[in-house]
Structures are given as C-alpha cells and as structure tokens.
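Work through these exercises with the chain on screen. Try each task before you read its solution.

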Amino acid sequence: MDFSTIRYALGTTNAAKKAAVQMATLAEPICQSVPSGVSGQPMSEEETIAGAINRAKTVLAEVPHAQIGLGLEGGLMYDDRYTHQWYLISVCAAWNGAELHVGKGLSFPIPNKAAERIQKENIELSVIIDEWSGLTNSNHQGGAYALLTEDRIRRADVFRDAVLAALTPFFSKLYE
Ligand SMILES: O=P(O)(O)OP(=O)(O)OP(=O)(O)OC[C@H]1O[C@@H](n2cnc3c(O)ncnc32)[C@H](O)[C@@H]1O
C-alpha cells in the first residue's frame with residue numbers, strides 16, 4: 001500500500017496532527033483549520049468521533065482539489081463500568097466524498113483530577129497539561145501522552161496510528 005499518492009486535506013494546522021499525517025502517509029497534507037462542530041473539549045467518545053467526522057467532511061468541501069479529507073480530534077471519555085477512570089482518546093476520520101472510515105488511536109488513562117478540573121473550571125485539557133509540564137502549546141507537541149509517559153509516547157505517534165487505521169480501508173483490497 002502506498003499512501004503517498006493521494007492528496008490529503010487536513011482539517012487543522014496543529015503541528016502534532018500534521019506530523020502524524022506525514023508519518024502515516026509520507027505525503028504533505030494541505031492543512032486548513034476548520035470548526036469541529038463539537039465542544040472545544042469533547043467529553044465522550046461519541047462527541048470526539050463526531051468532531052473528527054465534521055472536520056474531515058468540512059475540510060474536503062473547502063479544499064476541493066484534495067482527494068481525502070482528514071479530521072483528527074482529541075477527546076476524553078469516562079469508563080463508568082470497569083475502571084471508573086477517564087481516558088484520553090485520539091480519533092481520525094477519513095472522507096473521500098463517498099466513503100467514511102474512522103480510526104481510533106491509543107486510549108490512555110489520564111488522572112481523574114484533570115477531568116474533574118476541566119468540568120469544574122470549564123477549561124480544556126491542554127491548559128492543565130501546559131500547567132503540569134511547564135510548556136506552552138503542549139497539544140502541538142508530545143501532549144498529555146508525553147507528559148504521562150515521560151516521553152515514551154507522543155501525541156503525533158498516537159494520531160499516526162489512528163490515521164493509518166482510518167486510511168487502510170481505502171487502500172487495502174482486503175476490504176473490497
Ligand atoms: O488545533 P486543533 O486541531 O483544534 O487541536 P487541539 O489540540 O486544540 O484540539 P482537539 O480537538 O484535538 O482536542 C480537544 C482538547 O483537548 C486537548 N488535548 C487533546 N489531547 C491532548 C494532549 O495529548 N495534550 C494536551 N491537550 C490535549 C486539546 O488541546 C483541546 O483543548
């Protein structure tokens with residue numbers, strides 16, 4: 001499979017997300033910021049997926065010379081069944097105007113106190129990760145994943161896997 005032959009439009013200019021698409025496809029995406037249509041801080045898997053899909057569809061409509069629109073969305077979800085724990089999830093939606101696929105990257109537990117502050121203070125995760133790490137714009141860099149794993153996993157790595165998962169059905173004959 002050669003992912004690099006396609007022109008991609010990516011619905012953000014976020015550096016970590018752009019790097020993820022570059023790593024996954026070996027192509028240079030056309031980056032354009034578009035609204036996610038969901039809250040700035042999605043608090044469920046459903047909302048996170050919806051944001052990714054909205055971005056993918058909007059950016060393909062706005063960049064008509066692209067062939068696939070990519071929407072990358074980060075969000076939080078709570079597992080109220082087994083672990084009573086909040087998780088950070090990273091989702092990619094891919095849309096070619098006819099077919100939609102969604103890939104989900106690593107889901108990673110985040111300290112519940114972060115999610116509690118997000119709700120109580122009405123702030124976004126990046127504010128807390130910036131505060132804890134001493135960085136600015138941590139969400140354009142290694143992100144929460146890098147802080148929590150002491151740089152073993154970075155945000156771009158997680159989105160790279162989500163992008164590969166969303167794109168593979170377009171390229172592999174095994175899905176026909
Ligand atoms: O520029 P865009 O593409 O909007 O990217 P974003 O990082 O601001 O926005 P997302 O919609 O992907 O994520 C929702 C919120 O969660 C934050 N977030 C998600 N993953 C994060 C991470 O790994 N580290 C820090 N903040 C993160 C993010 O900064 C937002 O405030």
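**Exercise 1: helix H2**

The buried residues of H2 are Thr48, Ile49, Ala50, Gly51, Ala52, Ile53, Asn54, Arg55, Ala56, Thr58, Val59 and Leu60. The model is a predicted one.

Task: State which strands the buried residues of H2 pack against, then check the span of the helix.

Solution. Step one: the packing partners are strand E1 (8-10), strand E3 (68-79), strand E4 (85-95) and strand E5 (100-104). Step two: H2 covers residues 45-62, which makes 18 residues.

**Exercise 2: overall fold**

Solution. Step one: the chain holds 6 helices and 6 strands. Step four: along the principal axes, the C-alpha atoms fill a box of roughly 45 × 35 × 30 Å. Buried residues come to 43% of the 176.

**Exercise 3: the nonpolar core**

Task: Find which members of the largest nonpolar core touch the most other members.

Solution. Step one: the core has 47 residues. Step two: Ala56, Leu70, Cys92, Ala93, Ala94, Phe159 and Val163 touch the most other members. Step three: E4 gives the most to this core, with 8 residues. Step four: take Phe159 and set aside neighbours within four places in sequence. Its contacts are then Ala16, Lys17, Ala20, Leu72, Ser90, Cys92 and Gly105.

**Exercise 4: the ligand shell**

Task: Describe the residues that surround the ligand and sort them by class.

Solution. Step one: 20 residues surround the ligand, and the closest are Thr12, Gly74, Glu124, Ser126 and Gly143. Step two: E3, helix H4 (125-133) and helix H5 (143-149) each supply at least two residues of the shell. Step three: by class, the shell has 5 nonpolar, 11 polar and 4 charged residues.

**Exercise 5: positive phi**

Task: Are His84 and Asn137 buried, partly exposed or exposed?

Solution. Step one: His84 sits in the loop between E3 and E4, with phi near 50 degrees. It has 9 other C-beta atoms within 10 Å, so it is exposed. Step two: Asn137 lies in the loop between H4 and H5, and its phi is about 55 degrees. Asn137 has 13 C-beta neighbours inside 10 Å, so it counts as partly exposed.

Conventions. Residues are numbered from 1 along each chain as its sequence is written. This is a predicted model: local features need pLDDT of at least 70, side-chain atom pairs count only at pLDDT 80 or more; totals for chains, interfaces and linings use all residues. Helices (H or I, at least four residues) and strands (E, at least two) are DSSP runs, numbered from the N terminus. The expected span of a helix is 1.5 Å times one less than its number of residues. A residue is buried if 20 or more other C-beta atoms lie within 10 Å of its own, exposed if 12 or fewer, and partly exposed in between; C-beta atoms are placed from the backbone. Two residues are in contact if their C-beta atoms, placed from the backbone, lie within 7 Å. A residue is near a molecule or strand if its C-beta atom, placed from the backbone, lies within 6 Å of it. Ala, Val, Leu, Ile, Met, Phe, Trp, Tyr, Cys and Pro count as nonpolar, Asp, Glu, Lys and Arg as charged, and the others, Gly among them, as polar. A nonpolar core is a set of buried Ala, Val, Leu, Ile, Met, Phe, Trp, Tyr and Cys residues joined through C-beta atoms within 7 Å.
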